[in-house]
Amino acid sequence: MADIFELFRRIGSGGEEKKKPVGWILAGLGNPGMEYRGTRHNAGFCALDYIAEKLSARVDRVRWHALCGEAELGKEQVLLMKPETFMNASGEAVGEAAAFYKIPPERVMILHDDISFAPGRVRMRRAGSAGGHNGLKSIIAHLGSENFPRVKIGVGEKPNREYPLADWVLGRLSEEDRRVIEARYPDIFDAVALWIGGDPERAMSRLSQGS
């Protein structure tokens, strides 16, 4: 009998349990379009794709100038984002979503490339400056804060000081570098889950291992 009453309750409510409100934003940075696939600047996109696949989430809904999806990670409902604004304007998408859900900067996590780290080296930080990264610079401007966590994914340094930065970050990773970076995706997933689950110290330690 209890099962029948439960069935009626679900039918009356539309057949679905009420979804949790979004409590976190996880955004991977990159540039949209086929011509940018596999470039160093798109390391954040690639890491987010891996996380979305692990969570069986689809990031294909267009909203806030981004491709979006939602997934439950631990006890939190997370908005997954891939801004479609191009790197230099990433903050437009992230800022709009954060304002809509009233998410504070401390609950906005960014996955991005970092040319100061070798491929395969990954670090998490609680906060910090843009460090010359235009995507982070835009997000800081739109959130009005530097106090948001970020996952820095090493893509390798420029071969020399004279090499144009734009050419380097928009250049494609070698097969070896791509494999090394992809090997760290499971660690990134675990670290993101730990951080969002309330244990940033273990999350940072997790990424320090093996790099």
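I began with what pairing means here: two strands pair if DSSP finds at least two bridges between them. The model I am reading is predicted.

Entry: I looked up the strand order and found an open sheet of seven strands that runs 2-3-4-1-5-7-6, with mixed pairing. Strand 2 (61–63) and strand 6 (122–125) are at the edges, and because each has a single partner strand, one side of each is left without a neighbour in the sheet. I also noted that neighbouring strands of this sheet are turned by 25° against each other on average, direction ignored.

**Entry: strand 6 and its partner.** I followed strand 6 to strand 7 (residues 150–154), with which it pairs in the antiparallel sense over four bridges. Within this pairing I looked for Met 124, whose bridge partner in strand 7 is Val 151.

**Entry: the helix on the sheet.** I then turned to helix 7 (residues 185–196), which packs on the sheet and touches several strands, including strand 1 (22–28), strand 5 (108–114), strand 6 and strand 7. The direction of helix 7 makes about 15° with that of strand 6.

**Entry: the cores.** Which residues touch the most other members of the largest nonpolar core? Of its 34 residues, I list Leu 26, Leu 80, Leu 111, Met 124, Val 151, Ile 188 and Val 192. Helix 7 gives the most to this core, with eight residues. I checked Ile 188 and, leaving aside its neighbours within four places in sequence, found it in contact with Ile 51, Leu 111, Val 122, Val 151, Ile 153 and Leu 207. Apart from this core lies another, of 24 residues, among them Val 22, Ala 98, Ile 103 and Val 108.

Definitions and conventions
Residues are numbered from 1 along each chain as its sequence is written. This is a predicted model: local features need pLDDT of at least 70, side-chain atom pairs count only at pLDDT 80 or more; totals for chains, interfaces and linings use all residues. Side-chain values use heavy atoms; hydrogens and water are left out. Helices (H or I, at least four residues) and strands (E, at least two) are DSSP runs, numbered from the N terminus. Axes are lines fitted to C-alpha atoms, for helices over the stretch in contact, and angles run from 0 to 180 degrees between N-to-C directions. Contact means heavy atoms within 4.5 Å. A nonpolar core is a set of buried Ala, Val, Leu, Ile, Met, Phe, Trp, Tyr and Cys residues joined through side-chain atoms within 4.5 Å. Buried means under 20% relative accessible area, exposed over 50%, partly exposed in between (1.4 Å probe, protein chains only).
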